[in-house]
Amino acid sequence: LFAEGQSWQKTLGLEALFSRALDALSTKHFIEKRERTDRAQIAANYFRSIIERKVSQLTDAAPIFEVSSRSGNDWGADIAEDVIQAWWEEYSGQTFLDRVALQAMLGGSAPVFATWDQALDGWSGDIRMQCLPTRQVVVDPYLSEARLLQSDALFVGVEVVRPLSEMRLRYGDRGKLVKPQSGFSHFSGTSEYVSGIGRPYRRASNRGAEMSSSAVPRASERRIYFRDLTLHPMRPETQAGTPNLLFPRKRCIVWSWDKVLLSDGDGVNWDGKFPLELHDWGMNLEHSYGESEYESLWPMQDAVDRLLSGLVHNARLHNEPPWMAEENSIDPVELDHWERYSDHPGQFHFYKPGARAPEARSPQAYPQVVVETLRMLQAGMELISGIVPVMRGQTEPNVSAGRAIDSLQAAAAATTRRASRRLEDFLSRYGQLVLSRIMQYFSDERIFYLTKHPRTQEILQQRQQFLTIPQVQLMRPY
């Protein structure tokens, strides 16, 4: 199943897409490497400006979680609402949401986990809220939409890197069988660059470097959450006549990079859901990984960089024009002197008697159409992304009435509202996962700390009847 998910990601080219988008965001490879080194390579990164502006607009207002009860338990809903809102603020949820939106814009989607990890908070346990790179998470290729993950997906998988000491602590004797993985347990001894350790986006590359062993050996851990429909061998049906599944809360299989089986059994979470939600930036009709903002803006950004580089290169040629001279009219020693000091003010240069004097050949002036094309491309990028002058605090020509300006702003924000609706839908689904972890794992003392509701004690007593999961299973982090 894991290999099937990886094959689908490779077919879609998701890892290469995200790598290119990261380079575009940091202005690293707008100009291709085959370009000549003597040419100017200029990048006006409108792409980064647009991305940062849209992320800021989407996450400017903090979300307000509202919890309602299907069974009429309004007191319990009020307590849950207080707890999840306080927890979101306590763990800087707004900053985390910035990362989720940014990753979804660049790569098309952002897989976000809400899991209980007993190793956090000094082994008191806490919710691990984590947005992993898409290449570390595989999803059922037959899933058509991200919002249908919980109902339609057959499996999801995740790959994480852990120190061997943590694996031994989590999985006991099985964890002791795991061997260090070279890609994460070694670093270059000839460079300051540490290969792959702790780098969430870049893969380790150890080729051509002298490697040293790390003091903290690490290895990758893979796990699959599988909707296993195997019936219970002793009781295949419930009293109501419905199928009695052997793994009602998803089957979870954990193994290491060297194929050591670490765990296999039923899930530990009450809700029986996959422990993640997928935020897709734009709907893609072919798969559930969404659409990347980079794909729509990159062609125009590439054209801007090439035209701007040509414009700057032309300006440099005006300041340092190429020279033309008769063959063998300049002595080789003088020629080297000429090439190095030809632009120094007051510099004397010599050529052989009888030869025609060397002359500078300045290039022609750049046509005005190039400058106009640059402006058109910049405006086109902002138009495609939904950024118009009124969203930058600028008014349109001949528009001065306040009501007219408000109407323009409302119309211009249509694209942002669409992205905002998708983000709100994701937060609604993700909030249900977080709320389930809170009600299952948070201690009474912590809930009392996060809420001041007068009926808290009564509601917590009702919760105790559901606390039937053995505490030893809480060691499993996902």
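A residue is called partly exposed when its relative accessible area lies between the buried limit, under 20%, and the exposed limit, over 50%. By that definition Arg249, with a relative accessible area of 28%, is partly exposed. The structure described here is a predicted model.

**Salt bridges**

- Side chains of opposite charge can pair when their charged atoms come close.
- The model holds 21 salt bridges.
- Arg249 forms one of them with Asp266, at a distance of 3.8 Å from N to O. Because Arg249 lies in the loop between β7 and β8 (251-256) and Asp266 in strand β9 (residues 261-266), this pair ties together parts that are 17 residues apart in sequence.
- Glu277 and Arg429 meet through their side chains in a salt bridge of 2.7 Å, N to O. Glu277 belongs to strand β10 (residues 276-280) and Arg429 to helix α14 (residues 414-441), so the pair joins parts that are 152 residues apart in sequence. Glu277 counts as buried, at 3% relative accessibility, and Arg429 is buried as well, with a relative accessible area of 12%.
- A salt bridge also joins Glu159 to Arg222, whose closest N and O atoms are 3.6 Å apart. This pair links distant parts of the chain, with Glu159 in strand β4 (residues 155-163) and Arg222 in strand β7 (residues 218-226), 63 residues apart. Glu159, at 17% relative accessibility, counts as buried because the limit is under 20%. Arg222 has a relative accessible area of 24% and is therefore partly exposed.
- A network of salt bridges links Asp117, Arg128, Arg162, Glu166, Arg170, Glu221 and Arg223.

**Helix α1**

- In helix α1 (residues 2-12), the buried residues are Phe2, Gly5 and Gln9. Viewed down the axis of α1, these buried residues fall within an arc of 70°, so they line one face of the helix.
- An α-helix has 3.6 residues a turn, so residues three or four places apart point the same way.
- Exposed residues Ala3, Lys10 and Thr11 are carried on the face of α1 turned away from its buried side.
- The cover over the buried residues of α1 includes α2 (14-25), β3 (137-139), β4, β7 and β8.
- Gly13 follows α1 and has a positive phi, near 70°.

**Helix α5**

- Helix α5 (residues 93-107) has 15 residues, which at 1.5 Å a residue should span 21 Å; the C-alpha atoms at its ends are 21 Å apart, in agreement with that expectation.
- The buried residues of α5 are Gly93, Phe96, Leu97, Val100, Ala101, Gln103, Ala104, Met105, Leu106 and Gly107.
- Just after α5, Gly108 adopts a positive phi of about 100°.

**Packing of α3 and α10**

- Two packed helices are described by the angle between their axes and the distance between the axes.
- Helix α3 (residues 46-59) packs with helix α10 (residues 293-319) at an angle of about 145°, and their axes are 9 Å apart.
- On the α3 side, the contact is made by Tyr46, Phe47, Ile50, Ile51 and Lys54, which meet Glu293, Tyr294, Leu297, Gln301 and Val304 of α10. The residues of this contact divide into seven nonpolar, one polar and two charged.

How values were computed
Residues numbered from 1 in each chain as written. Predicted model: local features only at pLDDT ≥ 70, side-chain atom pairs only at ≥ 80, totals over all residues. Heavy atoms only, no water. Helix = DSSP H or I, 4+ residues; strand = E, 2+ residues; numbered from the N terminus. Expected span 1.5 Å × (residues − 1). Buried < 20%, exposed > 50% of the residue type's maximum accessible area, 1.4 Å probe, protein only. Salt bridge = Lys/Arg side-chain N within 4 Å of Asp/Glu carboxyl O. Axes fitted to C-alpha atoms, helices over the stretch in contact; angles between N-to-C directions. Contact = heavy atoms within 4.5 Å. Nonpolar A, V, L, I, M, F, W, Y, C, P; charged D, E, K, R; others polar. Arc of directions from axis to C-beta.
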